[in-house]
Amino acid sequence: MHDWFTDDTPARFEAYGWHVVRDVDGHDPESIKAAIEAALKVGDKPSLLCCKTIIGFGAPHKAGKEESHGAPLGKDELEGARKALDWPHAAFEVPEAIYDGWRANAAGSQQQAQWQQLFDRYAQAHPEAAAELARRSSGALPEGFAAAADEYIAKVQAEGATIASRKASQNAIGAFAPLLPEIIGGSADLAPSNLTQWKASKSVTEADPNANYVHYGVREFGMSAIANGIALHGGFLPFDATFLGVQRLRAQRAAHERADPGARDPRLHPRLDRLRARTARPTSRSSTLPRCATFPTTTCGVRAMPSSRR
């Protein structure tokens with residue numbers, strides 16, 4: 001690595017304005033703990049912890065060598081590593097002391113009880129807002145949503161308009177958003193093309209966070225991570241949009257030409273990984289439907305909803 005990796009990563013991130021902790025011993029728990037504690041004390045900028053480790057650490061003959069990266073260490077090397085690391089436990093055995101260090105049942109129960117007491121007091125002071133929060137958190141749809149959605153779908157089907165699927169998606173968002181105040185959407189700097197904004201959308205800004213549309217910029221990965229985080233937290237119904245539908249076609253076309261779809265166009269690699277990541281997340285409620293050409297009607301907006309929200 002010393003022969004070819006010339007980037008001074010700590011200096012580069014310091015130039016970005018980050019807080020950087022250099023030369024952390026990645027094999028020393030106390031060194032790692034000290035670095036994390038140092039990072040927690042800095043609240044006005046992100047932190048980068050630069051940990052140095054040795055691949056195959058502890059293996060008597062393969063530590064620091066490429067043999068420990070792409071192949072099994074082997075019985076003798078494993079035995080040597082166990083002795084060097086003072087690890088007498090059997091394979092796949094997790095000592096009880098480590099389990100105890102990660103268990104948070106008691107602390108979690110106490111914090112949940114404290115939160116419930118706080119929420120109960122809030123519900124007494126603000127019953128309507130508390131009921132709305134409870135509805136959103138449970139994933140239940142507002143009263144009358146199903147009937148209103150069916151009425152809108154029937155209207156659209158009766159009109160039979162011939163429009164692009166992304167326009168149909170925009171119409172669907174515009175129709176359902178007033179019925180679902182928990183909707184929050186956004187696009188990776190492509191809103192004019194994939195039509196994710198609607199007439200009543202309001203952009204989230206630092207000065208006015210009480211809004212429902214996020215301008216993510218050219219940050220597809222960040223957008224996907226944020227949307228999934230919002231869905232995991234609950235209380236909101238996020239959607240996002242990008243050009244993954246087009247990138248998937250490009251990837252498939254390249255795959256026909258070569259066994260490795262990224263060999264012909266290396267730019268496909270991050271998009272393929274992003275596509276796999278988005279489609280593999282069972283908890284994700286983000287969607288590429290606004291750019292998807294396989295849903296020719298406005299009903300795609302309803303069919304894309306999780307079954308618990310229909």
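Let's start at a strand pair: Ser-187 stands opposite His-215 in strand 4. This is a predicted model, in which local features need pLDDT of at least 70 and side-chain atom pairs count only at pLDDT 80 or more, while totals for chains, interfaces and linings use all residues. Residues are numbered from 1 along each chain as its sequence is written, and side-chain values use heavy atoms, with hydrogens and water left out. The protein chain holds 15 helices and 5 strands, where helices (H or I, at least four residues) and strands (E, at least two) are DSSP runs numbered from the N terminus.

**The chain as a whole**

- Of the 310 residues in the protein chain, 31% are buried; buried means under 20% relative accessible area, exposed over 50% and partly exposed in between, with a 1.4 Å probe and protein chains only.
- Among contacts (heavy atoms within 4.5 Å) with a separation of 6 or more, 56% join residues 24 or more positions apart.

- An open sheet is built from 3 strands in the order 4-3-5, with parallel pairing; two strands pair if DSSP finds at least two bridges between them.
- Strand 4 (213–215) and strand 5 (237–238) are the edge strands, each pairing on one side only.
- Strand 3 (residues 183–187) runs parallel to strand 4, and 3 bridges join them.

**Strands 1 and 2, with helix 2 between**

- Strand 1 (residues 19–25) pairs with strand 2 (residues 47–52) in the parallel sense over 5 bridges, and Asp-25 stands opposite Lys-52 in strand 2.
- From strand 1 the chain crosses through helix 2 (residues 29–40) to strand 2 in a right-handed β-α-β crossover; right-handed says that, with the strands pointing away from the viewer, the path from the first strand over the helix to the second runs clockwise.
- Helix 2 has 12 residues and reaches 16 Å from its first C-alpha to its last, close to the expected 16 Å; the expected span is 1.5 Å times one less than the number of residues.
- Ser-31, Ala-35 and Ala-39 are buried in helix 2.

**Nonpolar cores**

- The largest nonpolar core has 15 residues, of which Phe-145, Phe-176, Leu-180, Ile-183, Trp-198 and Phe-239 touch the most other members; such a core is a set of buried Ala, Val, Leu, Ile, Met, Phe, Trp, Tyr and Cys residues joined through side-chain atoms within 4.5 Å.
- Helix 8 (145–159) and helix 9 (165–176) each supply at least two residues of this core.
- Apart from this core lies another, of 6 residues, including Ala-188, Tyr-216, Met-223 and Ile-230.
- Leaving aside neighbours within four places in sequence, Ile-183 contacts Phe-176, Ala-177, Trp-198, Asn-212, Leu-237 and Phe-239.

- In helix 7, Ala-130, Arg-135 and Arg-136 are buried, and the buried residues of helix 7 pack against helix 6 (105–125).
- Just after helix 7, Gly-139 takes a positive phi of about 85°.
- Val-156 lies in helix 8 and counts as partly exposed, at 21% relative accessibility.
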